[in-house]
Amino acid sequence: MAKKFYVVWSGRRTGVFDDWETTRQLVDGHPGARYKSFPTLAEAERALRAGPPTSRARRIAPRVVGDKDLQEEIAEATSDTVIFCDGACEPNPGNAGSGMAVYRQGELAQLWYGLHNPRGTNNTAELSALHRALLLAEAEIDTGRTVAVRSDSSYGLNAISKWAAGWEKRGWRRAGGEIMNLELIQAIYAVYCRIESQVQLRHVRAHVGIEGNELADRMAMYAVEQRERDWLLYPGPIDVKKILRMRAG
C-alpha cells in the first residue's frame with residue numbers, strides 16, 4: 001500500500017501525521033473531527049496551512065440535517081473502510097435492487113448497484129445488499145483494514161446479529177415456524193460468523209440526510225430502473241450532488 005500522509009485540522013491534536021493509527025486516535029470520538037489523507041508530505045503540509053476544505057472534502061456522511069446526535073455518531077465512524085448498503089423494491093413485492101456506497105479513510109471511493117430481482121421484496125433487496133457489504137468487508141479486513149458496515153434495515157441486522165444463532169441451534173427453525181428468506185440469511189450469516197469480531201455493524205436511520213445511506217439508496221433504485229442483475233460499479237463519474245438528485249427508493 002502506498003505511503004499516505006494525514007492532515008488533522010480538528011482533533012485532539014492537529015498537524016500532519018504519517019500513519020493512520022496515530023491519526024485515528026486523534027480523531028476517533030472527537031466531535032467535529034476534520035481530517036484528510038494526501039499522497040505526499042508536501043501536499044499535506046500545504047493543506048494544513050490552507051485550512052480544511054469547505055466543499056471538496058468527502059468526509060463520511062457530511063450531510064446530516066437537523067440531528068446533532070446523529071451527526072456526532074457519523075463523525076465518530078473512523079474505520080479505515082465504511083460501507084453503507086441499502087435495498088429498494090417497486091412495487092413491494094416486485095422489482096427489487098440493491099446498492100452500496102464505500103468510503104475509504106473518510107473519502108467516498110466507490111458506488112455499487114445491481115442484483116435486480118423481478119420477484120423480490122424490500123427485505124430481500126436489503127438482505128442482498130447486506131450480503132455484498134459483508135463480503136466486501138471481509139475482503140477489506142484481509143488487507144489489514146478496519147471496517148464498519150452501516151444499514152438502515154433493522155430486519156436484516158437483527159436477523160444476522162441477533163436471531164440467526166438461535167435459529168441455527170434449532171435446525172434453522174424459529175418458534176413461529178418457517179424462516180423467510182432462509183437461504184439468503186444463511187449465506188449472510190456464514191460471512192458474518194467469519195468476521196464478527198472484526199467488523200462494526202450498526203443501524204442508521206433512513207432518509208435523514210446521511211450521505212452514505214442516501215447514495216446507497218439511489219444506487220438501489222438505479223438497479224431497479226436498469227433491471228441490472230449483475231453487481232457492478234456505478235459507470236458514471238461520482239458527482240454526489242447529481243446522484244443525490246436521482247430517484248430515491
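Among contacts in the protein between residues at least 6 apart in sequence, what percentage join residues at least 24 apart? The share is 69%, where contact means heavy atoms within 4.5 Å.

1. Basis of the note. This is a predicted model, in which local features need pLDDT of at least 70 and side-chain atom pairs count only at pLDDT 80 or more, while totals for chains, interfaces and linings use all residues. Residues are numbered from 1 along each chain as its sequence is written, and side-chain values use heavy atoms, with hydrogens and water left out.

2. Overall composition. The protein contains eight helices and nine strands; helices (H or I, at least four residues) and strands (E, at least two) are DSSP runs, numbered from the N terminus. Of the 249 residues, 49% are buried, that is, under 20% relative accessible area, with exposed meaning over 50% and partly exposed in between (1.4 Å probe, protein chains only).

3. The open sheet. Three strands, in the order β2-β1-β3, form an open sheet with antiparallel pairing; two strands pair if DSSP finds at least two bridges between them. At the edges are β2 (15-17) and β3 (34-38), each pairing on one side only. Strand β1 (residues 5-10) is joined to β3 by five bridges in the antiparallel sense, and V7 stands opposite K36 in β3.

4. Helices on the sheet. Helix α1 (residues 20-27) packs on the sheet and touches β1, β2 and β3, its direction making about 10 degrees with that of β1. Helix α2 (residues 41-50) lies across β1, β2 and β3 and also runs at about 10 degrees to β1. For these angles, axes are lines fitted to C-alpha atoms, for helices over the stretch in contact, and angles run from 0 to 180 degrees between N-to-C directions.

5. Nonpolar cores. A nonpolar core is a set of buried Ala, Val, Leu, Ile, Met, Phe, Trp, Tyr and Cys residues joined through side-chain atoms within 4.5 Å. The largest has 31 residues, and those with the most contacts inside it include I83, M100 and V199. Its largest share, eight residues, comes from α4. Not counting residues up to four places away in sequence, V199 touches A137, I141, V147, V149 and Y192. A second, separate core of 18 residues includes F84, Y113, V204 and Y222.

6. A buried glutamate. E228 is placed in the loop between α7 (211-226) and β9 (231-233). Its relative accessible area is 19%, so E228 counts as buried. Beyond its neighbours within four places in sequence, E228 is in contact with Y113, G114, L115, H116 and A223.
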